Amino acid sequence: MARRVAVVGAGMTKFVRRAQETGKELAWEASREALASCELPLDRIDAVCLTSAPDAFDGVHMKGEYLSDGAGAFGRPYMRTYVGGGSGVFTAIQAYYTVASGMADVVLAVAEEKMSSTQPHPQGAFLTIFDNILERPLGPNLLWIFALEMNRYMTVHGIDKRDIAAVAVKNKRNAADHPAALLGQADITIEDVLASETLAWPVQRLDVSPISDGAVAIVVASEEAAKQITSDPVWIQGVGWNLDTAYWTNRDLVFPEYVANAARMAYGMAGVTEPRKQIHVAEPYDPFDYKELHHLEGLLLFDKGKAPEAARDGVLDRKGDLPSCPSGGLLGVGNPIAAAGLMKLAELFWQLRGEAGARQVPGTPERGVAQAWGDLMQVGTVVVMGREGGPPTTATQLETPPAATPPAATPPAATPPAATPATSLSDAEFRSATGAVEDEIGAKYAWDAGVAIGRFLDGLREGKILGRECRVCHRVLVPPRMFCERDFRGTDAWVQVENTGVVQTFSICNVRWDMQPLDEPELPAVISIDGSNGGFLHTLGEVKPDEVTIGMKVEAVWKPVGERTGSILDIAYFRPRTDG
Amino acid sequence: MLEKIARPEEIRRWDGDMPVRHRYTPGVAGDAFFTALKDRGVLLGSRCEHCSYTYVPARLFCERCFAELAADTEVGPGGELVSFTIVFVGIEGEPLESPRTIGAVRLDGADAVVIHRVLEPGEEPLEIGERVEVVVRPDTQRTGSVLDIEGFRVGG
């Protein structure tokens, strides 16, 4: 049976642009702060869990190994885990099971990200998360995914953009009270958000969290060790994680079922049966303002489509019924990706101990939930933390022996923990720093299509859209695959589907991947293909941007036969159906 | 289903890259190290008294005990050749016009080892354990780079 596990310390650097510190130095600053917060020397740490998002951000291959010294991993069991944006919360889950299993008593969990290294823009590293054969030829940028999801979420539920903008306002105002915040702004208004530049409609600049550098660390301990270390542990009551299909255009873009699955796992472990009553403070993942609302619904804290009203009515404010992102979140504190996720656990730790200072939510919260999201936009990672208890115990579990030494007499801090400084360089300092070098990996790739997509592309050259049928789940899969990921068996037959479809969602995109303006806006869309249970990403043409609607019936416009090459671009674009 | 690919150029394939470069700044300790190298032509390390270990280049913290360290310990210029290799091919596997010798050296006063070129090793075969000395470029040529060090000269 799993042992009870607590968080006993936390620390973080300031989140900044262009940190002077190296990634190792940032990791050390946060780790040292976390250890100091519970007065532990490094030699009390039995194992180290680390996370950092893509290697391409720092531009260091095997970043886990590179960061190990700053994370205190010298001579210890050590592993970097990685689930994209979900990583920061996941590294706490990794620390949880390392301790719960009995493999270690005290674990340091560290999350670091240094995005300023990536030139000209970190989005360049994100481009390769798109399918290299089916999507990259369309010239996508990362904003497309968010804009497409946000548009469908808004349209299906009839959400007012103002109610989504209220989240950005709340979080940037909350962050004004956070000593580590990059973008705290006490006087920002909904009008400011709605007046900001439209990047990829409906996403505007102030809907988006800022690129940042930073690190966060927490100390996780077994019950016995925790009681020796502090009189005020915060228990990890439940953890959960879950993945949706890797085919994002085959996913329900309105509701994050994978977050709900992860939440059910974590709530079940924590004995939470009525999350709306039993969760007192939430730190959902908010890289974009609508994502916080999306995730609050996924966390089963609001009915589908109802979280925006809560934002509008102040329910999510620090003094509201369900304070959400009292830290200021990614939108306000900053988004050094992996570090931002672990920051959410650090915030719950401070909130539940009553140490959050000006950010403290009223009413002595007893239980909170932290959540992050990522991978190919498909993973949900959830941790429930509380003042009391832990996972349900069984009769067979041995009594925990009394602590060998009395709890350390460290009273709760009277003032909130100050952020460890991270030094932000000006752009000129960053460009001229002594010893700095600029380089590139210089690797090029050649991707082959594989079996299913190879045949799909042959079909496109012939003017046909092909899917694969699974006769167990009765789905026709587009894009086709040779195996069904639900039934985990070979698919049964090739099926030619229609050349027509329905716009599931679309965006009007004004910027390139490096955030430079486009001369003409692009119209990316997810199109569900008639006769299939799937669809794919493409662009719309022969239609004015303001005439596109979700649910619009469209047809493929093929390139002339002689110009087709067996590529997704053999379909020039989709246009409104001409046959009525 | 899987066959050996004999003519990769005939496979339908998509060529691509990841359109990013990286700008690496040296950090807090690295800034002190490169500034001292550029301005004074010396190599700075960091000494952890608790662990009795001297790192070079300088570091902000001791990875063994997590103590904060200062970049204030000059090491070298003399040192001991800990290991070496003679490189005959470039990164694409192409033969080099003249082989390059790379040495790992423990500088006097340091515990950590640094890697750099061995300059004109000469007729006598190199021997692990022999004395070498760091050669720093003249101050007018130094830019604050690891290449401000020309390499290790045998002897000294």
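The model is a predicted one, in which local features need pLDDT of at least 70 and side-chain atom pairs count only at pLDDT 80 or more, while totals for chains, interfaces and linings use all residues. Residues are numbered from 1 along each chain as its sequence is written, and chains are lettered from A, with ligands numbered from 1, in the order in which they are written.

## Where the chains meet

The contact between the chains takes 41 residues from chain A and 32 residues from chain B, where two residues are in contact if their C-beta atoms, placed from the backbone, lie within 7 Å. On the side of chain B that touches chain A, β1 (13–16), β2 (21–24) and α1 (27–40) of chain B each supply at least two residues; helices (H or I, at least four residues) and strands (E, at least two) are DSSP runs, numbered from the N terminus. The largest share of this side, seven residues, comes from α1(B). By class, the side of chain B that touches chain A has 14 nonpolar, eight polar and ten charged residues, with Ala, Val, Leu, Ile, Met, Phe, Trp, Tyr, Cys and Pro counted as nonpolar, Asp, Glu, Lys and Arg as charged, and the others, Gly among them, as polar.

A strand of chain A also pairs with a strand of chain B: β5 (residues 118–119) of chain A and β2(B) run antiparallel over two bridges, where two strands pair if DSSP finds at least two bridges between them. Within this pairing, Gln119(A) has Arg21(B) as its bridge partner. The peptide bond from Gln119(A) to Pro120(A) is cis, with omega near -5°, and Pro120(A) is found in the loop between β5 and α5 (123–126) of chain A.

## Strand pairings and sheets

| Strands | Bridges | Facing residues |
|---|---|---|
| β20 (500–506) and β25 (553–558) of chain A | three bridges | Thr500(A) and Glu555(A) |
| β25 and β26 (571–576) of chain A | five bridges | Val557(A) and Tyr573(A) |
| β15 (465–470) and β19 of chain A | five bridges | Leu466(A) and Gln496(A) |
| β6 (78–89) and β9 (131–136) of chain B | three bridges | Glu80(B) and Arg131(B) |

In chain A, an open sheet of three strands has the order β16-β15-β19, with antiparallel pairing. Its edge strands are β16 (475–477) and β19 (493–497) of chain A, each of which pairs on one side only. Neighbouring strands of this sheet are turned by 45° against each other on average, direction ignored. Helix α17 (residues 450–461) of chain A packs on the sheet and touches β15 and β19 of chain A, and its direction makes about 140° with that of β15(A); axes are lines fitted to C-alpha atoms, for helices over the stretch in contact, and angles run from 0 to 180 degrees between N-to-C directions.

In chain B, a closed barrel of five strands runs β6-β7-β8-β10-β9, with mixed pairing.

## Helices of chain A

The axes of helix α4 (residues 87–100) and helix α15 (residues 337–352) of chain A come within 6 Å and cross at roughly 55°. That angle makes α4(A) oblique to α15(A), because angles under 35 degrees count as roughly parallel, over 145 as roughly antiparallel, 65 to 115 as roughly perpendicular and the rest as oblique. By class, the contact of these two helices has eight nonpolar, four polar and one charged residues.

Several residues of helix α6 (residues 142–157) of chain A are buried, among them Trp144(A), Phe146(A) and Tyr153(A); a residue is buried if 20 or more other C-beta atoms lie within 10 Å of its own, exposed if 12 or fewer, and partly exposed in between, with C-beta atoms placed from the backbone. After α6(A) comes Gly158(A), whose phi is positive, near 65°.

## Single residues

Glu520(A) lies in strand β22 (residues 517–522) of chain A and is exposed, with 7 other C-beta atoms within 10 Å.
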